[in-house]
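Student: I am new to this structure. Please show me how to read its features.
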Amino acid sequence: MKVVVIGGVAAGMSAASKIKRMDPQTEVVVYEKGGYLSYGACGLPYYVGGFNDDYTKMIARSREEFEKSGIKTHLHHEVLKVIPSEKQLLVRNHETGDIFIESYDKMMISTGASAVKPPVEGIDKKGVYQLKTLEDGLRLKEIAADPQIKNVVVVGGGYIGIESVDAFLHLGKNVTCVEFADRILMPFDKEIAALAEQELISKGVNLRTSEKVVSIQGNQSVSSVVTDKGEYQADLVVLSVGVRPATEFLRDTGIHMAQNGALVVDREMKTSISDIWAAGDCSLVYHKGLKENAYLALGTVANKCGRIAGENIMGKHIKFTGALGSAAIKVCNLEMGRTGLGEAEAKKQTLDYKTVIIQAMDHPPYYPDPTPITIKLIYEAGTKRLLGAQSAGIKGAVMRVDVFAVAIHNNMTTDELGMTDLVYAPPFAGVWDAVHIAANAAK
């Protein structure tokens, strides 16, 4: 049997590796448009910002290791078209320009997502960059190291945008962040996002929310960014306004897609076309909290679903239990995490819910340097079943969100969580942990 994998970063290489472990005799061929395999794209802002100066640390497994296991990999190869009726695909080798036909018995689509390039005047000027691929990161790190680059404007206040802000602050740049929405980090509720905004402003970031970028000015190179409310000097602009599933090449196949172009898959990662599976940022995924498919462009989800797809390509029928949208971010000295439903999602689902917000210390005052943690819970009225949780603090905030994720995954109530036997020792937590305090405050 021959399995062709389109896309070789997270989900694709997870699937390819699983297939080879299950049956070394199966032929596995990977086509990757870029020049690198199996890297952690979430590490790119930290590489650009100098937190890590070795890009190879982001590569989970080298091409040589994949080849040694029997997986054939082709870099700089783009799949232009898929013909399911013939079980064929059209591939372009970008190094030679050659176009050729490849055949498959089964196929895995894991093309991920591409960065959105907004229709803004001047967007193609020198000094305007995006941060999505490892190639982007290598290029941007080199540019950012130039001491002549003093003023940086980041357009977009999502995860990558804010991590980029943090990166350029670390490099000593003057940073402006422009966000079209009325707040940054929209996956977080406003009370938690406000803490991130306060942290950025305290570190000197010129944070501009509810502003729309109108144009990018300059002769050949960028000199400023103009919005509907002002103009900001810029030697470098980083665009981070969202991603779009990279599935355009599949439009004429008849494969089922969501409105944003994400592939519709079942919980076994099967698409609507026989012998084709998909996972990662190019597809939807089952959301355990929403109880329906959702678009979650998260590396954790991609790796899990890629592995499941690999097993099912080999004849298994493993169902993905569901994601919760669990995610975390570091905003300067503040760490933030979230899982399950936010308040807006609970409203959209017309759930009868309540919320509670508490502040507790990460450990007792009888051990040095306790710091506050803010926690918000969303829970079902009546049953008090936990629906979502968000947390922010200097230390200990994010890993506590993992406790909430397990509780939501297992349909626990706040009463049950409030009496769960968590660890206690003065350097780490009090006899009543912040998790307990939040859960027991739910009335």
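Student: What volume does the largest cavity have?

Tutor: Rolling a probe the size of a water molecule over the atoms shows where empty space is left. A cavity is a set of points, on a 1 Å grid over the protein atoms alone, where a 1.4 Å probe fits but cannot get out. Here the largest cavity has a volume of about 40 Å³, the space filled by probe spheres set on the points. This is a predicted model, where local features need pLDDT of at least 70, side-chain atom pairs count only at pLDDT 80 or more, and totals for chains, interfaces and linings use all residues. Residues are numbered from 1 along each chain as its sequence is written, and side-chain values use heavy atoms, without hydrogens and water.

Student: Which residues line the largest cavity?

Tutor: Lining residues have an atom within 4 Å of a point. Among them are Ala-279, Leu-284, Val-301 and Cys-305.

Student: Which residues of H7 are buried?

Tutor: Buried means under 20% relative accessible area (1.4 Å probe, protein chains only). Helix H7, a DSSP run (H or I, at least four residues), covers residues 299–313. Its buried residues include Val-301 and Cys-305. The buried residues of H7 pack against helix H1 and strand S1, among others.

Student: How many disulfides does the search find?

Tutor: A disulfide is a pair of cysteine sulfur atoms within 2.5 Å. The whole structure has zero. Take Cys-282: the closest cysteine sulfur, in Cys-305, is 10 Å away, so it is too far for a bond. Cys-282 is also buried, at 0% relative accessible area. For Cys-332, the closest cysteine sulfur is in Cys-177, 11 Å away.

How values were computed. Helices (H or I, at least four residues) and strands (E, at least two) are DSSP runs, numbered from the N terminus. The expected span of a helix is 1.5 Å times one less than its number of residues. Buried means under 20% relative accessible area, exposed over 50%, partly exposed in between (1.4 Å probe, protein chains only). Contact means heavy atoms within 4.5 Å. On a 1 Å grid over the protein atoms alone, a cavity is a set of points where a 1.4 Å probe fits but cannot get out, and a pocket is an open set with protein on both sides within 12 Å along at least five of seven lines; lining residues have an atom within 4 Å of a point.
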